[in-house]
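Keep the viewer open as you read.

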Amino acid sequence: MTQPPAPRIATVQRRTAETSIDITFNLDGSGRFSCATGVGFLDHMLSHIAKHGVFDLNVRCEGDLWIDQHHTVEDIGIALGEALAKALGDKAGLVRAGSAYMPLDEALAHAVVDLSGRPYAVLDLKLLGRELGGMPPDLFNHFLESFAFAAKINLHLRVLYGVNDHHKCEAAFKAMARALDAATRRDPRRGGDIPSTKGTL
């Protein structure tokens with residue numbers, strides 16, 4: 001009798017003098033989410049990762065927002081990346097790579113993800129320098145870089161065109177979520193094989 005695959009769920013707690021973070025990340029979820037970071041626009045983007053990646057995601061953070069949003073955004077990116085890496089385990093039997101386009105009104109974004117174990121991030125969100133929900137635009141790049149390096153993934157994410165910065169950001173996060181969904185799926189043809197000629201990822 002074939003055993004059901006092990007659940008791919010990770011819980012990460014990150015405690016520093018600047019933030020206290022609890023994250024649960026279920027790769028085999030149904031798109032449920034609960035995000036309370038103290039940064040409303042970041043909660044909005046995290047909800048898209050869950051909903052469009054078909055993951056279950058719970059994020060709680062208490063950060064030093066009386067200073068600014070930097071430590072909160074950075075540390076959530078790190079903790080989310082650590083949770084993804086932990087949930088993936090040895091990556092046996094995975095598709096490994098995925099790509100997706102996502103439009104939102106006039107904006108179009110494209111994301112490519114490789115669960116390579118070799119972290120890198122190439123980002124071009126084409127933001128115009130305005131705050132979004134009080135969140136400085138440079139923090140979106142910083143979040144995505146922190147996430148990619150902690151997750152040990154190769155992430156290429158760009159907005160091809162658009163006018164409204166909210167639409168650009170939302171399209172980018174949705175595209176990344178769809179690419180992650182594709183990359184983290186189990187490939188039945190592989191069995192327990194690691195998808196790399198090196199034998200490890």
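A residue is called buried when its relative accessible area is under 20%, exposed when it is over 50%, and partly exposed in between, using a 1.4 Å probe and protein chains only. The model is a predicted one: local features need pLDDT of at least 70, side-chain atom pairs count only at pLDDT 80 or more, and totals for chains, interfaces and linings use all residues. Residues are numbered from 1 along each chain as its sequence is written, and side-chain values use heavy atoms, with hydrogens and water left out.

Start with the layout. The chain holds four helices and eight strands. These are DSSP runs numbered from the N terminus: helices are H or I with at least four residues, strands are E with at least two. In sequence order the pattern reads β-β-β-α-β-α-β-β-β-α-β-α.

Now the aromatic rings. A pair of aromatic rings is described by the distance of the centres and the angle of the planes. Rings of Phe, Tyr and Trp (its six-membered ring) pair if their centres lie within 6.5 Å; planes under 30 degrees apart are stacked, over 60 edge-to-face, and the rest tilted. That rule gives three aromatic pairs. One of them joins Phe25 and Phe55, edge-to-face, at 5.3 Å centre to centre with 80° between the planes. This pair links distant parts of the chain, 30 residues apart: Phe25 sits in strand S2 (residues 19–26), and Phe55 in the loop between helix H1 (40–53) and strand S4 (56–63). Phe25 counts as buried because its relative accessibility is 1%. Phe55 has a relative accessible area of 1%, so Phe55 is buried too. Phe41 and Phe140 form another edge-to-face pair, at 5.6 Å centre to centre and 85° between the planes. Here the link runs from helix H1 to helix H3, across 99 residues. Both Phe41 and Phe140 are buried.

In soluble globular proteins, nonpolar side chains tend to be buried together. A nonpolar core is a set of buried Ala, Val, Leu, Ile, Met, Phe, Trp, Tyr and Cys residues joined through side-chain atoms within 4.5 Å. The largest one has 59 residues, and Leu46, Leu80, Phe140, Phe143, Leu144, Leu157 and Met176 touch the most other members. Helix H4 (residues 165–184) gives this core its largest share, nine residues. What does Leu46 contact, beyond its neighbours within four places in sequence? With contact meaning heavy atoms within 4.5 Å, the partners are Cys35, Thr37, Leu57, Val59, Ile76, Leu80 and Phe143.

Gly81 lies in helix H2 (residues 70–88). Gly81 counts as buried because its relative accessibility is 0%. Setting aside residues up to four places away in sequence, Gly81 touches Phe147, Ala150 and Ala151.

Next, look at strand S7 (residues 120–124). S7 runs parallel to strand S8 (residues 154–161), joined by five bridges; strands pair if DSSP finds at least two bridges between them.

Finally, zoom out. Buried residues make up 50% of the 201 residues. Among contacts with a separation of 6 or more, 76% join residues 24 or more positions apart. The C-alpha trace spans about 55 × 40 × 30 Å along its principal axes.
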